[in-house]
Structures are given as C-alpha cells and as structure tokens.
Amino acid sequence: QVQLVESGGGLVHPGGSLRLSCAASGFTFSNYAMSWYRQAPGKERELVAAAVTSAAGSGKYADSVKGRFTISRDSANNTVYLQMNSLKPEDTAVYYCNARGISRPGVFWGQGTQVTVSS
C-alpha cells in the first residue's frame, strides 16, 4: 500500500524556518520523482520544488521560493524534505508531498500539512 506521510508543518513568524518531511512507503523510492506542492485558500495548487534524484543541488524550484527553500531526498530512509527559510506570510498554505513515476505510471499524494506564517 502506497503511503506518503507529511509532517513538520505549523505556525511560524515571518522570517522563521520550518522543515517539512514526507515519509514514503509502498513503492520503489528511486523510481519516482518527488515534489512538494502547496495550495493556499482560494488558489490553485502549485508546484514548489521537485527532485528527481538524490544528487545535491538537483532540485528545481518555483521562482517565488528560490534561494529560500531547499528540497532534499534521503534514499536510505525513503524520505523527502523541504527546508523552508525566510518564510513570508504568502508562504501560508497546505503543503503536499507528491510522487510521480519516472518513465512509468503512478502519481501519489500525501494528505497535506498546514504551514501558517503570521506574526
């Protein structure tokens, strides 16, 4: 059974940091590109960051988070992280973990974790 379980969300002041985690199980982690999406109230879900491999520096980012967020993969623990620094109120959203098969079918979503940036 495929599972993506996010954790690490919460309330943080502007300028603060959070690290989101997504623990994956039920599929071969290395065969899937891992991404983080977010959805703010009244807005469409948007891609925040993506990592196809575990190579350092291989992540791709939305322009709005470049230089502030870092995605990383831990293949030993089948976990993907999103380190979020210099958080802004506009980063407030539900953050979702996503797995997409590389040259194979399969798209999976986590249940989401709320991130609120407010003073």
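4 strands form an open sheet, ordered β1-β3-β8-β7, with antiparallel pairing. Strands are DSSP runs of E with at least two residues, numbered from the N terminus, and two of them pair if DSSP finds at least two bridges between them. This is a predicted model, where local features need pLDDT of at least 70, side-chain atom pairs count only at pLDDT 80 or more, and totals for chains, interfaces and linings use all residues. Residues are numbered from 1 along each chain as its sequence is written, and side-chain values use heavy atoms, leaving out hydrogens and water.

**Exercise 1.** Is Ser21 buried or exposed?

*Solution.* 
- Step 1: Locate Ser21 in strand β3.
- Step 2: Its relative accessible area is 17%. Buried means under 20%, exposed over 50%, and partly exposed in between (1.4 Å probe, protein chains only).
- Step 3: Ser21 is therefore buried.

**Exercise 2.** Which side chains make polar contacts with the side chain of Arg38?

*Solution.* 
- Step 1: Go to strand β4 (residues 32–39), where Arg38 is found.
- Step 2: A polar contact is a pair of N or O atoms within 3.5 Å; within protein, one must be able to donate a hydrogen and the other to accept it, and residues adjacent in sequence count only if both atoms are side-chain atoms.
- Step 3: The Glu46 side chain qualifies at 2.7 Å, and that of Ser64 at 3.4 Å.
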